[in-house]
There are 6 protein chains.
Amino acid sequence: MHACMLAALRLNGFPCKRPENVTADDFFSSALALPGNTGNPVGSAVTAANVEKLPGLNTLGVSMSRVDYAPWGVNPPHTHPRATEIIYVLEGSLDVGFVTTAGKLFARTVCKGELFVFPRGLVHYQKNNGGAPAMAISAFNSQLPGTQSLAVAMFGASPPVPTDVLARALQIDGGLVETIKSKFPPK
Amino acid sequence: MHACMLAALRLNGFPCKRPENVTADDFFSSALALPGNTGNPVGSAVTAANVEKLPGLNTLGVSMSRVDYAPWGVNPPHTHPRATEIIYVLEGSLDVGFVTTAGKLFARTVCKGELFVFPRGLVHYQKNNGGAPAMAISAFNSQLPGTQSLAVAMFGASPPVPTDVLARALQIDGGLVETIKSKFPPK
Amino acid sequence: MHACMLAALRLNGFPCKRPENVTADDFFSSALALPGNTGNPVGSAVTAANVEKLPGLNTLGVSMSRVDYAPWGVNPPHTHPRATEIIYVLEGSLDVGFVTTAGKLFARTVCKGELFVFPRGLVHYQKNNGGAPAMAISAFNSQLPGTQSLAVAMFGASPPVPTDVLARALQIDGGLVETIKSKFPPK
Amino acid sequence: MHACMLAALRLNGFPCKRPENVTADDFFSSALALPGNTGNPVGSAVTAANVEKLPGLNTLGVSMSRVDYAPWGVNPPHTHPRATEIIYVLEGSLDVGFVTTAGKLFARTVCKGELFVFPRGLVHYQKNNGGAPAMAISAFNSQLPGTQSLAVAMFGASPPVPTDVLARALQIDGGLVETIKSKFPPK
Amino acid sequence: MHACMLAALRLNGFPCKRPENVTADDFFSSALALPGNTGNPVGSAVTAANVEKLPGLNTLGVSMSRVDYAPWGVNPPHTHPRATEIIYVLEGSLDVGFVTTAGKLFARTVCKGELFVFPRGLVHYQKNNGGAPAMAISAFNSQLPGTQSLAVAMFGASPPVPTDVLARALQIDGGLVETIKSKFPPK
Amino acid sequence: MHACMLAALRLNGFPCKRPENVTADDFFSSALALPGNTGNPVGSAVTAANVEKLPGLNTLGVSMSRVDYAPWGVNPPHTHPRATEIIYVLEGSLDVGFVTTAGKLFARTVCKGELFVFPRGLVHYQKNNGGAPAMAISAFNSQLPGTQSLAVAMFGASPPVPTDVLARALQIDGGLVETIKSKFPPK
């Protein structure tokens, strides 16, 4: 019996059931059975089955996501602060890549039935390289890997990252930073 | 750049490339694109993409397997000594279960698009509950989770586990142990 | 002061005392001083001093068990999902073994004063190879290593593992599976 | 004696000395004694004392950096894939911030003698908020935390991240992406 | 968002805020801005910014201390049971050293701007080697490294370590042990 | 098969065998079968079965020691920098204790068949409280826990810890420090 089953209240901040109340359903999810809505500016949707959605994952160190891509849709550059990701393509084919801390891009096309690995914490992306929808399943070695979109972190944070910091970082003028920020209204 | 890229020779016993020789292909595998051969007594086949097959996984803490099931085929009771498993059904539906250290079985049917979690180290199985082939993808939070079939560990080890130990453990007579052993000739 | 002493309520699901209430007795156990009752079908008894019995072990990553063996008694094949075990023989001599994930058995006789190691998660057993009682102490690198008997996991789970799964796994007929199941009535 | 001292050749990919050759100098560095050159577009310089520079750190799980800031200089948004950072200001005062995976910015001014924490893997930055040089020391809970500049990862990778991926991610046109890329020529 | 932010009550025994109540101040400390009082028998003072003082450190695995030294002051031999320490000298110069488990002393002088590493758990000390005050910042790869002074552990514990144990350990007579004990009245 | 078996040369600095050369003897030791020689000033002897003596322990995270005590013999105050210890008394009875980082002593008598836990990194000791030899087995959650005697670290290091540092730490005069140092000639 794993540790969480023994915890009366909460463990790692997540609710725990008493052992006598745990059922098989605590280890099951149908959340990834249906496609996400890709009708958005980037043309992709991520549906997560992590410990926030599936409490039985608590202390177990794994989680999964489904990624749907509209034709030519993009899962834009992002990081997972706490996990390596392994992605398996179920439909279509993807152009994928990650950037090392030395600034080197490792990229290639991954077709249906093939897989690719994005090492822990590194910036990576996927792009549907065809005119039909694509779909992939991603697994993580964390029950809550976290996702940080680079565009949102830089241009859509709330409160916003100061414009002069971004202008200096990207070596562009502040007006242009403001223009990009306008595309990412804080929630 | 992850640690292995920096290692001249080997890390954790696996070969490491010099950073300048690493390519995107080191993080890619097509090993799970084709079905395994399920023409065997249990009616299932596991194809692994772990660090032994995909060296880029070294130090990254994840791996993946594809499981194919003949109609009514069984992936028999086994453990992964070093990992939790999360399984996602791609075709058909499976009857799955795991047994806790308290001897409690958590079992249910998992259909196409659904997922189930097998906690680290616990005995578990899957069975195709239909007359058509089934298929699933499993992810692990270890680059080399290991798999130990209970039937092989007890009845097919080389050299064999002593018959009297098994007879005592299962509370059956030695002749019957020998009969089962004959089904699992040591490799 | 270790982390648990600082926790007001519970840590990892186990009760924690306030620091001012901790005493030396929280780090002490006499539970392994007396032999367990080996009058059972397998002829062995395991007495555990883990975090469930000795709360001071919480967060400390160790535990201990005493194993008593009747003459020719067997500690039947089992795994510890969360720990490596190191066993030290105090009385008598044991035939011990573990099976690797490659199906290889490593076995030998271990006499009084000698020790043997069972790597994390692998199937292992001990057998008293003499006509007098034997006794050993086992230590684990987990405060709650867990124990999963292969016989119980397969034949005594509650609810039971489906007979056809076991028949297929062991390549025996269902009637024989039922016979073995009858020896392990679910608790 | 720590593990590395016992390794004849390399451990984790880094060179190890035989114990008899280790000296106090292996645990010492003067690399952070002098300011880095802040005469660059962002107006800051990071000088690292990690395991690549200080081999005695191998297996010890810590490292340190010195950051120098020109007046109004910026250490632009970046992540450390493998570590939490704790920064202590030695000269001047800094406006610092990090963005959570929920897109929330935590920011404030940190003056001489004060410290701030950047949680593992999250995007963060610092800016000298005065007209005189500033300086800080950062410590990490990794011997090789890695640093990934967001600007470089997106606009300066080699080979480059495809322009259409970035245009889609930032919701700007490709020409603008190319303009920013021109500021980050691949090395 | 790190794990603690998600915890309603406590995590690892420390209080956690609800995410909506977390602010930048939870990741900030000014505790190390002012010198500690070195007017004591050893002539040094350690001011800690660990998880007990800075709750935002919970789950993040780092902490920091400031050490002030009177002229010729000594931070006497001690261990940190749960962390490696990296020390950076801000004012003056220190004679520092640690002793390995093989009894070997690694020692040298560390001047302003230089750093030194004390491996996890090993006995170490620093001494101001000049007639002016000195100051250093230490970072740890633990949110609560713990500090155990050897003098206090041996001669100032409450209740006291038995005199005969210490006499035997140090190979001195009991009267002398009592004399030293009198310098360390239990608190 | 555990990681070391897969390593061609060395792992963590210790030699690894190729899998085909590993035997059951790699997991076995008789080193603790015979008493150590307690004819020394402290009246105790520790015999270790760690990874330096038993290579099969590599990567497995456990080790064991035997401690023999002459009548009234003492295992003097020491720490294990990398492990918690659990001690089981086989012969005689011991007065044991450990000191927390808060300077509190937890002590009691532990008789034959009883056990006690010394938390990771804390100063602890044992004393045979009787006129006959005593014996205990200790297990550690590290394959190489390390042992640091406080007396040796302070008074017997090579080169020696400066006398003025010790005099200040213990608040005794330098002549007395020198006297104690003379009892611990560097090896």
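Contact here means that heavy atoms lie within 4.5 Å of each other. With that meaning, the surroundings of one residue can be described. Ser44(B) belongs to strand β4 of chain B, which covers residues 44-49. Leaving aside residues up to four places away in sequence, Ser44(B) touches Asn37(B), Thr38(B), Asp68(B), Tyr69(B), Val74(B), Asn75(B) and Pro76(B). One of these neighbours, Val74(B), has its backbone oxygen 2.8 Å from a polar atom of the Ser44(B) side chain. Ser44(B) counts as buried because its relative accessibility is 7%, and the cut-off for buried is under 20%.

Confidence comes next. The model as a whole scores ipTM 0.92 and pTM 0.93. For chain A the average pLDDT is 92, and 91% of the residues score at least 70. Residues 1-12 of chain A are another matter: pLDDT stays under 50 there. For this stretch the model has 59 contacts beyond four places in sequence. Where pLDDT is low, the predicted coordinates should not be read in detail.

Chain A can also be read as domains. Its domain assignment gives domain 1, made of 11-16 + 32-146, and domain 2, made of 147-187. Taken over C-alpha atoms, the centres of domain 1 of chain A and domain 2 of chain A are 24 Å apart. Eight residues from domain 1 of chain A and four residues from domain 2 of chain A take part in the contact. About 450 Å² of area is buried between domain 1 of chain A and domain 2 of chain A, and carbon and sulfur atoms give 61% of that area. What polar links join these two domains of chain A? Three residue pairs are in polar contact between domain 1 of chain A and domain 2 of chain A, both residues being at pLDDT 80 or more. Salt bridges across this interface number zero.

Is Asp68(A) buried or exposed? Asp68(A) counts as buried because its relative accessibility is 6%. Arg66(A), at 7% relative accessibility, also counts as buried.

Other salt bridges cross between chains. The side chains of Asp25(D) and Arg108(E) meet in a salt bridge at 2.8 Å, N to O. This pair runs from the loop between β2 (14-15) and β3 (28-29) of chain D, where Asp25(D) sits, to strand β9 (residues 105-111) of chain E, which holds Arg108(E). Asp25(D) is partly exposed, with a relative accessible area of 45%, and Arg108(E) is partly exposed with 26%.

Chains D and E also meet through Arg108(D) and Asp25(E), whose side chains form a salt bridge at 2.7 Å, N to O. Here Arg108(D) lies in strand β9 (residues 105-111) of chain D, while Asp25(E) lies in the loop between β2 (14-15) and β3 (28-29) of chain E. Arg108(D) counts as partly exposed at 25% relative accessibility. Asp25(E) is partly exposed too, with a relative accessible area of 45%.

The remaining stops are two helices. Helix α2 of chain A, residues 163-170, is mostly covered, with six of its eight residues buried. The buried residues of α2(A) are Thr163(A), Val165(A), Leu166(A), Ala167(A), Ala169(A) and Leu170(A). What do they pack against? In chain A their partners are α1 (150-155) and α3 (174-182), and in chain D they are β6 (74-79), β11 (124-128), α1 (150-155) and α3 (174-182). After α2(A) comes Gln171(A), whose phi is positive, near 60 degrees.

In chain C, helix α3 spans residues 163-170 and is mostly covered, six of its eight residues being buried. Thr163(C), Val165(C), Leu166(C), Ala167(C), Ala169(C) and Leu170(C) are the buried residues of α3(C). They pack against β6 (74-79), β11 (124-128), α1 (150-155) and α3 (174-182) of chain B, together with α2 (150-155) and α4 (174-182) of chain C. Just after α3(C), Gln171(C) takes a positive phi of about 60 degrees.

Note on methods: Residues are numbered from 1 along each chain as its sequence is written. Chains are lettered from A and ligands numbered from 1 in the order in which they are written. Side-chain values use heavy atoms; hydrogens and water are left out. Buried means under 20% relative accessible area, exposed over 50%, partly exposed in between (1.4 Å probe, protein chains only). A salt bridge is a side-chain nitrogen of Lys or Arg within 4 Å of a carboxyl oxygen of Asp or Glu. Helices (H or I, at least four residues) and strands (E, at least two) are DSSP runs, numbered from the N terminus. pLDDT is the predictor's confidence in each residue, from 0 to 100. A polar contact is a pair of N or O atoms within 3.5 Å; within protein, one must be able to donate a hydrogen and the other to accept it, and residues adjacent in sequence count only if both atoms are side-chain atoms. Domain bounds come from an automatic or database domain assignment. Buried area is the accessible area (1.4 Å probe) that two parts lose on being put together, summed over both.
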